[in-house]
Amino acid sequence: MCFALDEVDLGTQENGEFLVDINDPLAAGIGDLIDMEEPDIPEEIPVMAVRDIVVFNYMIIPLFVGRSASVEAVQEALAEDKLLMLATQKDSSLDEPGPEDIFSTGMVCMIMRTLKLPDGRLKVLVQAIQKAEIKEYVEVEPFLKAKIELIVPPEDAEMTVEVEALMRNVRDQTEKILSIKGVLSSELQAILNGIEEPGRLADLVVSNLRLKTAESQSVLETHDSVARLRKVLEYLNKELEVSTMQAKIQSEAKEEMGRTQREYYLREQIMALKKELGDFDEKSEEIEELRMRFKKMRMPSLVKKEGLKQLGRLEMMHPDGSEANTIRTYLDWLLDVPWRKVTKDHLDLKQAKDILDEDHYGLDEIKERILEYLAVRKLNKTTKGPILCFVGPPGVGKTSLGRSIARAMGRKFYRFSLGGMRDEAEIRGHRRTYVGAMPGRIIQGLKTVQTSNPIFMLDEIDKVGADYRGDPSSALLEVLDPEQNNEFSDHYLNLPYDLSKVMFITTANMADTIPGPLMDRMELITLSGYTLEEKLEIAKRYLLPRQIKENGINPKHIKLDDETISLIISHYTREAGLRNLEREIGKVCRKVARRIAEGGKGPYTVSKRTLAKYLGQFKVVPEEDEGMNMPGLVTGLAWTEVGGEILTIEMSLLAGKGGLNLTGQLGDVMKESAQAALTVCRAKLSKFKLPDDYFETKDLHIHVPAGAIPKDGPSAGITMAVAIYSAMIGKPVKKGLAMTGEITLRGRVLPIGGLKEKALAALRANLTTIIIPHQNKKDLVEIPEDLRDKLTFIPVKNIDQVFRKAFD
């Protein structure tokens, strides 16, 4: 509480109207109340909004006027009768308050002095002379001007015993607060005791209490002087409680500081006595142990120099100090990080190949890339580690492949997920100035594996986020750049660390969401998914033995032949990876485990005939069983982040007026493909031997199930065109046919992406013939030979070829 007749302690602020320095020449002499004749107050008067202050009667206030509307209002008042209405705005954050943002009750003030600044702003000294209420605004631009009604205060109540007691209580509480804060003086007591009117005393006290704006406004809008004084007393009681508690806290803090200082001097004296007596000094012993560790440990000279410097600082500090704990933790990190400790690579290529083949079936491209790196490493010991990015749907073995690579190379393996990471400090670490600071995940991982050349797997790099705490993907640019990461700087260590020996492997479900600069630093290797034969081999070699072991049974307890496993793959799962397949095999093993636990002997043979008892009815119905051979029904192929999928497009022709209705949550690109397909079919009506007005009497409805799943992408153009044509001629497309490709208005077929994933999806759905764009013919070499042998690919250049190949 700042108590003086002419001061309101609000500070300064560059946002409009706030108090200036009381020692400013403009405010000279404001300690004296100015007695002036009450001027004639007009009915209409300029209005200026003030914030964070409620003006009360008799107040003399220096104001800093900066807003253009406020400057205009002051200038208008100076040009007329120097009278100005000051009203408090409801929300102090508004820079340009309107009439609805200002309290209606305020004070009419007389402008006493002004000082114009070079930048156009004003310093103004005003005195409040009369309370008034705004009835309506007559002007809003360029400043506020309102019609007001003066509020004539009721005559002060008779000085009864109750009123006298109330005034004394207010004076006593005010003096107590000032005494607690150490600012009570005889002059202030004289001012308080010299005021005899209850209303004036209330206004004087409340104007110097640090109340919320709404509370001060509530007092201003209370016109009865005794009621106003009661409100002020209520606020004074609350302020006295706060001030008393504040003084108590300060006193306790001072006592605590004194106690801590005494304990420090006593400990120093005890240490000195122990030193004289030759007793054990734990701190000195610890410092010497740390110094010897720094001298013996193999680390860069810059790191050793910094460590010894911080150790010297720690030696001069008291062990109980907060900074001493921070430095001690920092020194532990410097000593625990493996600066030059490496593991020896296994450079036997045949052994490495055997390990990779033992752990994973297929994936020849990735195995070839690892063996190439080992061959180069064998010939050039200083080569930098590659930065690989495995892109593929979930469950194809990206993470487990990283573990196998580490085992084949004889290196330590460390994995952490980037999915959902939004804080840059997770990569670079926190600065040591923060409480609880620690290094980033990169340095933490190196400390965990205790080697400077591990294999780091960064999972889900396509799901890194960003917010106000920074962008982790930008921090990863330095980590994953072989030309920069030899001097990676963690914010916590604040020393360069060589990451060039680390082999980084990242994983992603899709490459589209990886930032371009980050993608440029990585070598992308795509894992598309597995064929039925590959899944069968993986299930026999890896999944079934693992589930048998995890469920506590022996191989002799269960018999599962190839035909049954193939049935599980084709009728209980539809996926690019293997996770659901492993779940279904695990379900079978659990049911067998229960029988064994209940006393059964086994073995239990799970055959094609008995499989439904273990897994229930088929979960996947083959496409040929869904009535696909109908006019207007065509199967397309789509790529998703979880692999390839088939896309059924249904087309119906109805009587109408040429409308096109698209359903199935189609995105903008697919909607445009449908419109382009319709235009192509319209252009070929004469070739179809149909009248030119054929579509004017028909409505077209194209639907893509399932309707709850959003769909989009640039590869459904020819599928939609064939669906329209099939419905027009009333003939179904060939059985077992799928297609993919985009279409132009001239009927050209454009290339698409994800051909391998789409081919796998077609094979899973027993679709053996695929129409593809002619420009994708070059991509067929990426499809395994055994897969190409089971499928027939038909390259096409234009829509006419598509129509010819799609129908018998």
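# Cavities, pockets and helix packing

User: How many cavities of 30 Å³ or more does the count come to?

Analyst: The count comes to 3 cavities of 30 Å³ or more. A quick note on the model: it is predicted, with local features needing pLDDT of at least 70 and side-chain atom pairs pLDDT 80 or more, while totals for chains, interfaces and linings use all residues. Residues are numbered from 1 along each chain as its sequence is written, and side-chain values use heavy atoms, with hydrogens and water left out.

User: What makes a space a cavity and not a pocket?

Analyst: On a 1 Å grid over the protein atoms alone, a cavity is a set of points where a 1.4 Å probe fits but cannot get out; a pocket is an open set with protein on both sides within 12 Å along at least five of seven lines. Points are joined across faces, edges and corners, and the volume is the space filled by probe spheres set on them.

User: How do you know which residues line the largest cavity?

Analyst: A lining residue has an atom within 4 Å of a grid point. For the largest cavity these are Arg574, Gly644, Glu645, Ile646, Ala761, Arg764 and Ala765. Helices (H or I, at least four residues) and strands (E, at least two) are DSSP runs numbered from the N terminus.

User: How do the residues of the lining of the largest cavity divide into nonpolar, polar and charged?

Analyst: They divide into 3 nonpolar, 1 polar and 3 charged. Ala, Val, Leu, Ile, Met, Phe, Trp, Tyr, Cys and Pro count as nonpolar; Asp, Glu, Lys and Arg are charged; the others are polar, so Gly is placed there too.

User: What lies closest to the centre of the largest pocket?

Analyst: First, the space itself: the largest pocket holds about 930 Å³. Of its 37 lining residues, the closest to the centre are Thr526, Leu527, Ser528, Lys756 and Glu757. α11 (364–379), β14 (523–526), β17 (633–640) and α23 each give two or more residues to the lining, with α23 giving the most, 4 residues. By class, the lining has 17 nonpolar, 11 polar and 9 charged residues.

User: And which residues lie nearest the centre of the second largest pocket?

Analyst: Ala638, Thr640, Glu645, Leu647 and Lys711 do, out of 26 lining residues. About 660 Å³ of space lies in this pocket. β17 and β18 each supply at least two residues of its lining, which divides into 15 nonpolar, 5 polar and 6 charged.

User: Turning to helices, why is α10 called roughly antiparallel to α12?

Analyst: Helix α10 (residues 349–359) and helix α12 (residues 398–409) pack at about 155°, with their axes 9 Å apart. That angle makes α10 roughly antiparallel to α12, because angles over 145 degrees count as roughly antiparallel, under 35 as roughly parallel, 65 to 115 as roughly perpendicular and the rest as oblique. The axes are lines fitted to C-alpha atoms over the stretch in contact, and angles run from 0 to 180 degrees between N-to-C directions.

User: Which residues in α10 meet which in α12?

Analyst: Contact means heavy atoms within 4.5 Å. Ala352, Ile355, Leu356, Glu358 and Asp359 in α10 meet Ser404, Ile405, Arg407 and Ala408 in α12. These divide into 5 nonpolar, 1 polar and 3 charged.

User: Why are α2 and α4 called roughly parallel?

Analyst: Helix α2 (residues 161–180) and helix α4 (residues 198–206) pack at about 20°, with their axes 11 Å apart. By the angle rule, α2 and α4 are therefore roughly parallel to each other. Val163, Met167, Val170, Arg171 and Thr174 in α2 meet Pro198, Leu201 and Val205 in α4, a contact with 6 nonpolar, 1 polar and 1 charged residues.

User: Is the crossing of α2 past α4 left-handed or right-handed?

Analyst: α2 passes α4 in a left-handed crossing. The term applies if the near helix is turned anticlockwise from the far one by less than a right angle; clockwise is right-handed. α10 passes α12 in a right-handed crossing.

User: What makes glutamine 450 worth a look?

Analyst: Most residues other than glycine have a negative phi, and most peptide bonds are trans. Glutamine 450 has a positive phi of about 55° although it is not a glycine, and its place is in the loop between α14 (441–449) and β10 (455–459). A cis peptide bond, with omega about 0°, joins glutamate 141 and proline 142. Proline 142 is found in the loop between β6 (122–139) and β7 (144–150).
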